[in-house]
Each structure stands twice: as structure tokens, then as C-alpha cells.
Amino acid sequence: MKKTLSALLLITVFFSCSEKKSTGGDSKMDTFINDLMARMTIEEKIGQLNLPVAGGAVTGIAISKDVEDKIRKGQVGGIFGVFGPDKVRKVQEVAVNESRLKIPLIFGLDVIHGHRTIFPIPLGLAATWNPDLIRKSAQVAAQEASAEGLNWTFSPMVDIARDPRWGRVSEGNGEDPHLGSIVAAAMVKGYQGDGLSRNNTIMACVKHFGLYGGSEAGRDYNTVDMSRIAMYNYYLPPYKAALDAGAGSIMSSFNVVDGIPATGNRWLLTDVLRNEWGYKGFVVSDYTSVSEMINHGMGDIQTVSALALHAGLDMDMVSEGLLTTLKKSLDEGKVTQQEIDQACMRILEAKYKLGLFEDPYLYVSEERAKNEVLNTETRGASREVAAHSFVLLKNKGQVLPLKKQGTIALIGPLADNHRDMLGTWVIAGEWEKSVSVLEGVKAQAGGAKVVHAKGSNITEDKEFIKRLNFFNQQMVTLDQRSTDAMKQEALRVAAGADVVVAVIGESQSMSGESSSRTNLDIPESQKELLKALARTGKKIVLVLFTGRPLTLTWEEANVDAILNVWAPGTEAGNAIADVLFGVHNPSGKLPSTFPRSVGQIPLYYNHLPTGRPWDGVSETKFKTNYLDESNDPLYPFGFGLSYTTFDYSDISLSKTNLTGNESLTATVTLKNTGSYEGEEVVQLYIGDPVATISRPVKELKDFARVSLKPGESKEVSFTVTPEMLKFYNSQLKYDWESGEFNIYIGTNSRDVKVAKVMWSISSR
Ligand code: NOJ
């Protein structure tokens, strides 16, 4: 292995130009940085590549040591886990007053779905299908984080994921490359605003590059193995969209890509990222993903650090492999001066663009930290976004919206609960300040009486609880009462009610990093409670908390309504009450398929056709199916109901025969046929039934949000362009091919109208 690496490096030395080349294209910046770098020792340059953690966000075994001393010695480029004006100021003072060249630090943190004011988990944000609201959530997060000294967030996570066993589906935008790309761009624009040097914006870091969502068996940190066609057509687009939106940094992932860990993968970090995509920002590793390459079998710490630098990595999060070995590798000819300079320059450019050389304390403001954080306005934004993220999965007999009369029983361990409102990844968010469902519903119940019982524990599985309470946190606790006593109390409370609202599902630490599950049912103790409640014969509304698609086959068959609220954030209770009482009519749509059972996974709408399709009705033998389960999802991608109903007309096309670069308009008339004003997300899919490679049965290409009063109709038109027909073929050429195309428009990926067009490339 060492031999191969040295050979590779020699080739690079041979071809590398001796001059430093700026990546920024700003001559004032270039002069400043060239001048600074001319004064830096090699150790100081290597120091810029080091990113230690200083508390707050420990997501691995290793923790950084002697950080303050290292800052003084110029051995730290940025730091993460420190926030709050006082703390950031103190740490920055060490860099700016006590290090030889006074180079300021960048301050990063995982600001994932809000900083102090928590918004819905990213999967919930994606369920809004509303880029304006998503952008707003990131903008509020940037405002709050920057007020507390931060200028860099490790977000957005844009990993496409088709396996809900993987806990990190909660942190991403679901299974679709088009929706994922729109969300990715909206997040980046929200964080970075009009410019990185403003004191109320922060630099985005797109992650995890790449393909991290493809972990085998849904187990975190596991192997990824996929074809280039799958990478280019489905998994890579959202990273590219985030970079095209201007993201200043990108994080390399833990997994292997084509057999080589992403962090040391030159094809990924240089050929694709720099050469194909023209990316100019910097690449940071994930937490110890440099040193983890030792476990991947890539060599010792010196070898893997050289491999990472050579691959195109610029900053090392926590491993300190670059810090401790690069000088030796340089002396031994295993890395080049130019490679070190290049990485250092990219870090310095980011600092320059963030305005830190002009004012190292730009982001430190006691006053802003007091006034611009968790206030009425930020809470209002969170409440609005949360209400838009909820997906109504079932509403039999229009049990929702609730009437403000009679007795409403709120039952379940998540009803009178603050901690689990926020979901995964909340470092600065304080759960004590969240609004519980009980509080929110009581505040809006008007003439209705609200009664409550806990009904069950979140789970009674002690081993599971131990895992959920990692690092000895008390995230899930057991009620001292017996299971039966809790259930009997719930049944007594339910007996006196007109409607039962069961508030149950996953607790905070059941999804997120290192939270893979093989069983996607609602945890057993809660499901038992739900079954007991259903047996009462009362109307049951399930308010479901979850960080991932769950298997809800029993629930779909046995409860009256299901409102999927993900983990809504600080304003959870208020937003849920807004929707339960009909102040807000739900319009969220699923960004991920909900399977019927775990055995169907991976299950996603944009799958390829098979040679032995099964129509779901005829003889099953020797056709693609299961002996014991249907092929269909429980809820398809794009699914979500409203309190009103919408009727779709057939599609009318402006043309059905096209040549070259012509476009067409596809139109449907949408009518609100129910009795509530409502919004519908109208979805456009395209299918390419005959091509040189097998193509997905359909792919989302556009969507539009339409608001309609009862009885109102509107025409909804999409422009369909040849750009939408393009795909990466087996030579990885991005183009389209002549032939017939199916244009689908509908309310979700399954329930669509279809029209056919012929499109010929010939006269292009
Ligand atoms: C590991 C996670 O994979 C990554 O998403 C996160 O940004 C880092 N830890 C830092 O907390």
C-alpha cells in the first residue's frame, strides 16, 4: 500500500505546478493571503488544517486535548463545540493575541435544524416541500448562531437515503434527488444569505460527501457499494446543488466509495469535486474520519493522513493526523509543499470571506445574543414551519380537525413531554423551553375539556433504554407505576372522552446518528397502549412523533386519523394544536416512502422496472413479489392528505410531438372539492420507458404549491424541457435520448394522471 501511495504522490509532484494558485478569484484576497502565507512556517500552515472539538458535540471516542495550548502555538485552524459570546471571545483572544501570526479561528457547530430556536428535524423540513420556509428556518438558525459567535455550521446534510433503518434519515431530505437538491440549495442560501462576511450569516458545510446514506443494512458507519450510474443519477445531485448554491465547505464522509474511504478518495474529492464540478471551497473530514481509515485497512496514521491530503482533504476534524504527521511526510517526500499550501490557502480564504481578518470578533455580540435569539419572532417562524411539515396520513370520517367542544383525551408518553419535542441534534436548543402537546392543545381548546394520561412508558425494554440514554444522559426514564396501572388510568380517562388523541412514537434519541433500528414499529409498550385505546371504540387520532418512516400497517387499519409530526421543534405543541384544530390545514407531503414492513426495505418510488413485473393481481409465481407481503408501500413518496379534497383533471399537453430543444407545457386543472380552504403540492414526474440504460419507472422533476378556496379551480402548468429528460448513461455522459416519455402529474408518486409525448433529438 505504501508503495502505491508513494508512486501516486511522485506522479503528482511531477505534474504539479510550482506556483500557488488561488482558488478564490478575488485579487485583494489573493494578495492578502499570499502575503500571509509567505510569513507562515510549514508548522503554522499545517496548524491551519487542524480542527479540534472543544465540547458540545462529541460524536466519537476521541476528544481533543490541550486545545488552548495548541491555539497559542498556531496548531489550530478552527474549533467546534464552543459557542456563546463570552466563550468565543475568550478563545478567539488566545488566537489573535497569543499566537505568533494572530490568525483568527473559525468557530463551527452542528446547527442542524435551528440553534436556540429549534425547527422541525430536516426530514420534517423536507416534508414541507416549501423552499421559502426551509430557507427561512436556516436563516433564523444563522441569525441565532452568528449572534453567539459561530460562523460555520455542519449543515445541510443532503445524503439521499432509501433505508429507514438508518437513524440518520431524520437528518436528511429523504429519498429523492430532485426534492433533495431543492432543499439543499434552500438551506445553503438560508445560512449564507447575501454574503459570508455579514455578521448574521454563517458558512454552510454540505455533508456527508459522499453517498453516506447508502450504508448497507441501514447500519450507521457501514459499507457503501454502488454503481457509478446510481451515484451520478440519484446520490450525487444534492451535493452538487448545495455547492452550486454557494456552500463554502463540504464534509467528507465515513464510508468507502468504490472501495476507498471518502476521506482519502482522490477520485471523489478531486476528480469529481474539483475537476468535474469546479468547487472552490474547502473540504473538512468528518469526526476522526482521517484516523478511521486505519480501521478501513488503509495504513497507519501517517499513511492515511498523507492519503487524505493527497486526495484533496483540507481540514482534519479531531484525528490530528494531519497535524502530527504531515511535516514528517513532507520531509520524507510523501506529500508535497504545494499540497499543504493548497489546503492552507483554502482555509485562509474561508476565513477571509467570513470577514475574520478584518474583525475576528465579527460574530461575537452580547447584545445580539440577548435580543436576536429565541424571541417571539423566531418562535413564530418555527411554529409556522412546523405546522407546514406535518403530514396527514389518514383522516377517516373527517375526525380532524377537532371540534372545540366535548372532552378531548390526550394520551401517551409524548403528550405531556418537553424533551422529545426537539428531535435529534439539538446542541444549543433547550428542551425545557419547548411547548408540550398538552400545553399547546389546552391553550387552543376553547370550550373543549382536555384530559390527560401518560398511558405507557416510551419503551420498557431496559437494554434499549440504556442505548437511548448514551453517555449516561437521562433521556428516557421509566415511570415507577406498573404497566397495567398506567394503562388502566389511560382507559379511565379515555372512557370519559369524545375523542382520544394518542401522542406517541419515537423519542428524541431513537433516530439520528448511531440510532439504526431493525424494527420500525412504534415501540411495543406504546403500541400496546394504542391497541387498548382502539378497543374502547372511541375515535382515535394518532399524533405520531418519528425521525424516520415507521411501519404503520396496523395503525392504518385500526385508528381513525394519523397526523405524522416528525419532531417539530420548540413550538411543537402550538403547531400541533394549530393543525388539530384546523387553524392550519395540513399540506406536508412525504419525502420518503413508508413501507408496510421492514422486509420490503429498501423501498423507494423511483426504482427501476424489473424483467418480471407483477401487476398486483394476476398469478404471482415467477413474478417479482413476496410470498408474505405486497410490493406496495403503505404510503408512497409524495403522499399527504388535507382537510379538504382535491380533484385532478386529465393532463393537457401543448404539444405531443417535439424535436430538438423544444419545450412543452403540461397542464392540469385542480379543483378544491371539499369544504376547507387548502394548499396542495402538485407533483410532476417523468418516465422514460425505453433508453440505453434501464431508467426509473418515474422521477420527480418539478412541483408547485397551489392554494384553493372550497369550490375553487385553478389551472396548474409545468414547463417540461429537454433538460428534465437528461440522465447519466453508461458512459456517464449526461444527456437525453429520443423516444416516448410519460408525463405524470398528481398528488403523490402513485396517484397520478398520465400523458405521453414523443420527443426526437434528431434536429437538435
Ligand atoms: C459526526 C457526524 O457524522 C457529522 O455529521 C457531524 O457534523 C460531526 N460528527 C461533528 O459533530
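Two salt bridges (a side-chain nitrogen of Lys or Arg within 4 Å of a carboxyl oxygen of Asp or Glu) are counted between domain 1 and domain 2. In one of the salt bridges, the side chains of Arg168 and Glu513 come together at 3.5 Å, N to O. The model is a predicted one, in which local features need pLDDT of at least 70 and side-chain atom pairs count only at pLDDT 80 or more, while totals for chains, interfaces and linings use all residues. Residues are numbered from 1 along each chain as its sequence is written, and side-chain values use heavy atoms, with hydrogens and water left out.

An automatic or database domain assignment divides the protein into domain 1 (2–7 + 24–368), domain 2 (388–595) and domain 3 (646–760). The C-alpha centres of domains 1 and 2 are 35 Å apart. Contact (heavy atoms within 4.5 Å) involves 42 residues of domain 1 and 37 residues of domain 2. Between them, these domains bury about 3000 Å², with 60% of it on carbon and sulfur atoms; buried area is the accessible area (1.4 Å probe) lost by the two parts on being put together, summed over both.

Turning to the sheet, three strands (DSSP E runs of at least two residues) form an open, parallel arrangement in the order β2-β3-β4. Its edge strands, β2 (78–80) and β4 (152–153), each pair on one side only. Pairing requires at least two DSSP bridges between two strands, and two bridges join β3 (residues 106–109) to β4. Leu109 has Thr153 of β4 as its bridge partner.

Terms used. Helix = DSSP H or I, 4+ residues; strand = E, 2+ residues; numbered from the N terminus.
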